[in-house]
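User: I want to learn how to read charged pairs and surface patches in a model. Can you take me through one?

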Amino acid sequence: MTETVNDAPDRADRFRADVAAMRLKTGRSDAELRLQILGVVLMIVGVAVAFGAYRAATNVTATPGTNVDVLNSNAYIPLAIAGLAISLSGGFVFLRYSLARFLRFWLLRQSYEQQAALDEAAGRTRL
């Protein structure tokens, strides 16, 4: 039994219909998409904050004979670390919800294919 390219829309339609018949909770995908976008925004904001702190630290003018300028320059280090922490947190949020979405689809597909294989095997034994 070989499948042709023309069977793909029918197969996809059957898959959608079967998934709809399973009555799974699918309303959470919008929230996950928003959290993925939030993760991307946090990554960008974190990098921008860290880069801004770096630029501010390099713009401190040096006065010969004093250490006050170095202290002023070092005052931006916590801000840069906070920016990196925000970026890292955003990356984890994005990764978590991206993987959850992918793994949910993969599990659904595995379940569907196993059910189809069982139905096919049951159909063959009835003949």
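User: Is Arg104 buried, partly exposed or exposed?

Analyst: This is a predicted model. Arg104 has 36% relative accessibility, so it counts as partly exposed.

User: Which side chain does Arg104 meet in a salt bridge?

Analyst: Side chains of opposite charge can pair when their charged atoms come close. Here Arg104 meets Glu32, at 2.8 Å from N to O. Glu32 lies in helix 2 and Arg104 in helix 4, so the pair ties together parts 72 residues apart in sequence. Glu32 counts as buried because its relative accessibility is 4%.

User: How many salt bridges does a search of the whole structure find?

Analyst: The search finds 2. Arg109 and Glu113 also meet in a salt bridge, at 3.1 Å from N to O. Both lie in helix 4, 4 residues apart, about one turn of the helix. Arg109, at 42% relative accessibility, counts as partly exposed. So does Glu113, at 30%.

User: Which residues form the nonpolar patch on the surface?

Analyst: Leu88, Phe92, Leu95, Leu99, Phe102, Leu103, Trp106 and Leu107 form the patch. Together they have about 860 Å² of accessible area. Take Phe92, in helix 4 (residues 77–126). Its relative accessibility is 52%, so Phe92 counts as exposed.

Terms used. Residues are numbered from 1 along each chain as its sequence is written. This is a predicted model: local features need pLDDT of at least 70, side-chain atom pairs count only at pLDDT 80 or more; totals for chains, interfaces and linings use all residues. Side-chain values use heavy atoms; hydrogens and water are left out. Patches are made of residues with over 30% relative accessible area and no salt bridge: like charges are joined within 9 Å, nonpolar side chains (Val, Leu, Ile, Met, Phe, Trp, Tyr) within 5 Å. Accessible areas come from the Shrake-Rupley method with a 1.4 Å probe; for residues, only the protein chains shown count as cover. A salt bridge is a side-chain nitrogen of Lys or Arg within 4 Å of a carboxyl oxygen of Asp or Glu. Helices (H or I, at least four residues) and strands (E, at least two) are DSSP runs, numbered from the N terminus. Buried means under 20% relative accessible area, exposed over 50%, partly exposed in between (1.4 Å probe, protein chains only).
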